[in-house]
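Subject: Structure handover

Hi,

My notes follow below it.

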Amino acid sequence: MKKLKLSLMLLALVMIAVLSACGNSGDTAGENSSDERWEAIQDAGELVVGTSGTLIAASYYDENDELTGYDVEVMREIAERLDLEVSFEIMGIDSMLPAIQSGRIDVAANDIEPTDSRKKEFDFSEPYKYSYSTMAVRESDNSGIESLEDLKGKKAGGGATTIYSQIAEHFGAEVVTYGNAPNEAYLSDVSNARTDVVINDYYLTKFGVAAFPDFDLHLHPTLKFHPTEQAVVIPKGADKLTEEINRVLKEMREDGTLSELAIQFYEEDASEKPEGDIEEIEGLDL
């Protein structure tokens with residue numbers, strides 16, 4: 001009996017040692033993967049953010065040629081609360097995500113939606129903006145579009161890799177792609193009938209259309225679809241960086257900073273979920 005008790009005690013000690021080793025190994029791996037990125041940013045004392053500079057209200061140059069917008073100022077506030085300098089790399093949306101993977105930039109903030117496919121390659125912060133999709137069409141005839149099904153055969157201006165271009169293609173539109181072009185390029189082509197529609201975020205479309213009152217252009221009066229969330233794009237596995245950004249975003253939400261910035265740039269509180277009926281689109285592989 002004594003031998004049996006001794007054997008059981010030895011077995012228990014071995015199991016504890018094995019489990020402890022496994023636990024330590026996993027923790028160490030997680031800390032290393034998260035700390036490496038976070039520590040590199042802390043060592044540099046700077047957070048490098050990718051953004052386009054071409055999205056009115058979100059990321060754009062003001063009349064003094066200063067980069068600003070909701071996304072830009074949210075990132076400036078995050079960096080300040082993390083005791084970091086911030087710099088912005090201007091690039092097109094199609095280059096932004098590869099730049100995170102290559103290490104050229106630390107994060108991206110450009111009205112980007114955390115889709116299921118993107119979550120496989122990147123981490124995302126908690127949302128700092130809620131919205132939905134709509135479209136800019138010609139005011140004279142709604143570009144012949146009264147339902148999403150009417151997109152079939154139409155020309156839709158957009159970025160090659162955006163969710164909005166995927167929605168256009170899902171309903172049979174031909175996507176006409178642009179580089180890191182300003183809103184004017186997209187919207188003037190709709191007005192001049194070179195294209196028929198630009199599908200985009202509600203807030204960005206509202207301000208984009210308002211910026212060009214001489215164009216034959218308006219926000220579609222009835223179509224609201226694909227509710228969205230926008231978040232900071234973060235390298236996959238950068239757990240500590242994600243944790244720190246989320247901690248600051250929570251502070252900014254609780255003290256009202258997010259709401260203040262949203263109202264400053266969108267004239268509505270885009271940091272809260274919109275009200276009303278918004279059509280979900282079935283069958284999108286996002």
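Start with the contacts in the chain between residues at least 6 apart in sequence: 73% of them join residues at least 24 apart. Please keep in mind that this is a predicted model. The chain has 286 residues, and 49% of them count as buried. Nine helices and 14 strands make up its secondary structure elements.

Nonpolar cores

The largest nonpolar core holds 40 residues. Tyr70, Val74, Met75, Ile78, Val107 and Tyr266 touch the most other members. Several elements supply at least two residues each: α1 (2–44), β1 (46–51), α2 (70–81), α7 (202–210), α8 and α9. The top contributor is α2, with six residues. Ile78 has contacts to Ile245, Val248, Leu249 and Met252, leaving out residues up to four places away in sequence. A separate core of 19 residues lies apart from the largest one. Its members include Leu148, Tyr164, Ala173 and Ile199. As background, nonpolar side chains tend to be buried together in soluble globular proteins.

Helices α8 and α9

Next, a helix pair. Helix α8 covers residues 239–254, and helix α9 covers residues 257–266. Their axes come within 4 Å and cross at roughly 75 degrees. The range for roughly perpendicular is 65 to 115 degrees, so α8 is roughly perpendicular to α9. On the α8 side, the contact is made by Leu249, Met252 and Arg253. On the α9 side, Thr257, Leu258 and Leu261 take part. By type, the residues of this contact are four nonpolar, one polar and one charged.

Glu77

Glu77 sits in helix α2. With 22% relative accessibility, Glu77 counts as partly exposed. Beyond residues up to four places away in sequence, Glu77 touches Met252 and Thr257. Both of those residues also belong to the contact between α8 and α9. Glu77 and Thr257 are 180 residues apart along the chain, yet 8.9 Å separates their C-alpha atoms.

Asp123

Which strand holds Asp123? Asp123 is in β7, residues 122–124. Asp123 has a relative accessible area of 16%. The limit for buried is under 20%, so Asp123 counts as buried. Two polar partners are worth a look. The side chain of Asp123 makes a polar contact of 3.5 Å with the side chain of Lys236. A polar atom of the Asp123 side chain also lies 2.9 Å from the backbone nitrogen of Gly237. Setting aside neighbours within four places in sequence, Asp123 is in contact with Val232, Val233, Ile234, Pro235, Lys236, Gly237, Ala238, Asp239 and Thr242.

Ser133

Is Ser133 buried or exposed? Ser133 is buried, at 0% relative accessibility. Its place is in strand β8, residues 129–137. Apart from neighbours within four places in sequence, the contacts of Ser133 are Tyr164, Ile167, Asn200, Leu223, Lys224, Phe225, His226 and Thr228. Among these, Tyr164 is also a member of the core of 19 residues.

Over to you.

Best regards

Note on methods: Residues are numbered from 1 along each chain as its sequence is written. This is a predicted model: local features need pLDDT of at least 70, side-chain atom pairs count only at pLDDT 80 or more; totals for chains, interfaces and linings use all residues. Side-chain values use heavy atoms; hydrogens and water are left out. Axes are lines fitted to C-alpha atoms, for helices over the stretch in contact, and angles run from 0 to 180 degrees between N-to-C directions. Angles under 35 degrees count as roughly parallel, over 145 as roughly antiparallel, 65 to 115 as roughly perpendicular and the rest as oblique. Contact means heavy atoms within 4.5 Å. Ala, Val, Leu, Ile, Met, Phe, Trp, Tyr, Cys and Pro count as nonpolar, Asp, Glu, Lys and Arg as charged, and the others, Gly among them, as polar. Buried means under 20% relative accessible area, exposed over 50%, partly exposed in between (1.4 Å probe, protein chains only). A polar contact is a pair of N or O atoms within 3.5 Å; within protein, one must be able to donate a hydrogen and the other to accept it, and residues adjacent in sequence count only if both atoms are side-chain atoms. A nonpolar core is a set of buried Ala, Val, Leu, Ile, Met, Phe, Trp, Tyr and Cys residues joined through side-chain atoms within 4.5 Å.
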